[in-house]
Amino acid sequence: MSEPLLPPVPQDENQLMAERRDKLAALRQAQQQGKGVAFPNDFKPTHHAASLLTDHADTAPDDLLEQGHSAKVAGRMMLKRVMGKASFCTLQDSTARIQIYIKRDDLGEELYNAFKHWDLGDIVAAEGKVFKTKTGELSIHASSIRLLTKSLRPMPDKFHGMADQEVKYRQRYVDLMTDETTRKRFVARSKAISGIREFMVAHDFLEVETPMLHPIPGGANAKPFTTHHNALDQQMFLRIAPELYLKRLIVGGFDRVFEINRSFRNEGISVRHNPEFTMMEFYAAYWDYQDLMTFTEALIRDAAQKALGTLHLSYAGKPVDLEQPFERLTIHEAICKYTDAGQMLDDGSGLKVDSATWLRSVLPNLGITEAKHHISKRSLPSLQVFYFEETVEEKLWNPTFIMEHPTEISPLARANDNRPEVTERFELYITGREFGNGFSELNDAQEQAARFQAQVAAKDSGDDEAMYYDHDFIRALEYGMPPTGGCGVGLDRLMMLLTDSSSIRDVILFPALRREV
C-alpha cells in the first residue's frame, strides 16, 4: 500500500523572500552587464488561454500538429514540474490556465537552467506551437520563454491556501490569483452590472452622474460621513443617496434617468452592510409605484438571465425562483400571512395586528424598546413596521414586494390618496433580505417642506439618521415636478444572490476593514 500524500512542510516565508530578492539582484546585475532587462515590457501576447482551450477543444491531436498553430501567451506561473531535459509549467492569465512544455534542446542550456530557478508566482511569457499531450491536455511547445516579472513573495501553497477569510479580503490580489471561485464571482458581477446598464438604456433611461460630495446629506435616513472642503471652508458630506439630485433632473426635463452609484453610510459593518456600497437609482416621469414594481421585477430577471443563464437559483442550499411572478403584499397582509397577529384579540375587539396596545405589549419582547424606539409615541402603521421587520422579513424567501409603508417614516414618498397615513411605497425582499426600495415620489413642494420640518424636529430630538431640510430641493419642486416614480436597487446584495455569497464582503473587491496594526 502506498503512503498517503502529505502536505509539504511550510517553509519560512522570510527565507523564501530573501532567496527571491537574491535572484532579482542577479537579474539586475546581468542587466548592468548588458544581458537582458530585469523587468522587460516589450512582450505582446497574441492569445488568451481560454480562447486557445475553446478553439481547439475538439481538434484531434494529429490534426493540431498538422495545422501548426502558433501562440504567444503570458501569465503567472502556478505550477512547475522539472524533469531533467524537459519540464512543464502552467501559466494563468486573466481567462484560464494553460500548460507549457519546455525542452532543453529547444531553448539552449543557459535559458533552460535559468527557467529551473524561476519561482511560482513569477510572470512568464512563452511562444510556440499548440499541441495536445498523450493525456489530451492542450499545451504549448515553447520555442522561447521569458521571465517578465520576478515575484518576491511566495504564493500560498495548494494544500494550505488562504484559509483566513479576513486575509482573503485584505489581500484580494492573492485571493484572485489563487481561487478560481473568487475570480468567477467577480466576472459574474461585472456581467450582471453591464447587463443592468444595457437594460436601462434599452428602456430609454439616460445614464447620469451626480455629486458624491454633498453640502447637505439627503435622500435616505442614514448617518453620513463628514469631511471639510478647504477652499470653500465648509463642511461637506459623502452622499448617502443620489435621490434628490436625480429628482432635480426630472424637474429639469429629463423624463427617465438612472445612476449606478457609490454611496456611503457611517453605520455598522455586517454580512449585509458595508459603509461604501453600490446601488442603482432610477426615476421615470409619469410612473407610479405599481409601474416601478413591474419594471424592477423585469430588471432583476434580466440581470440573472444575463449573468447566470437561468432564473432558477440556489442560495444557501435553498432554491430561489425568479421566474414566477413576484408576490405583492401590504405590510398588513404580510403580517397576517406569516404570523398569528392576524388572529382576534382575546376580548374579540379586533385583530391583534390592528391594535396599537397589543403591538406595544409584544414589541419589547422582540427587542423594540421604549428607551430606544419610543414606541409609546409611534402610530399604528409605524408599530406594524417594527413588528413586520422582527417577525416576517426573514421569512420572505422568494421575491416579494412589501407595500404601503407609513408616511411618518417615508418622508420623500407620496401619500396614498385614500389612506394618507401610508405611502405608495414598496420594498423588495428576496431570501429574507431587502433588495430594493421604491415609491411614487412626493411632488407637492409644500407637503415636502412640511415633511422636512418633521425630520428636522426628529433630528433635534436625537435621531441622527433623520434628514436635513434641503431648501434648494424645495425650490426645485416649486418649479413643478411631474408625477414620478423612483426606485433604488442594492447591487451588492443582488450580486450576493446571483453568486450564492453569504457575505457582502464576498462580492466587493476591497471591502471596508479595520486598519492593520
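Which residues point one way from β16 and which the other way, and are they buried or exposed?

Author: Quick ground rules: this is a predicted model, where local features need pLDDT of at least 70, side-chain atom pairs count only at pLDDT 80 or more, and totals for chains, interfaces and linings use all residues. Residues are numbered from 1 along each chain as its sequence is written, and side-chain values use heavy atoms, with hydrogens and water left out.

Now to your strand. Arg 425, Glu 427 and Tyr 429 point one way from β16, while Phe 426, Leu 428 and Ile 430 point the other way, and all are buried (under 20% relative accessible area with a 1.4 Å probe, protein chains only; exposed is over 50%, partly exposed in between). Strands here are DSSP runs of E with at least two residues, numbered from the N terminus.

What about the partners? Strands count as paired if DSSP finds at least two bridges between them. With β15 (residues 400-403), β16 pairs in the antiparallel sense over 4 bridges, and Phe 401 stands opposite Leu 428 there. With β17 (residues 433-440), the pairing is also antiparallel, over 6 bridges, and Tyr 429 faces Glu 434 across it. β16 and β17 make a hairpin with 2 residues between them, and Thr 431 in that turn has a positive phi of about 55°.
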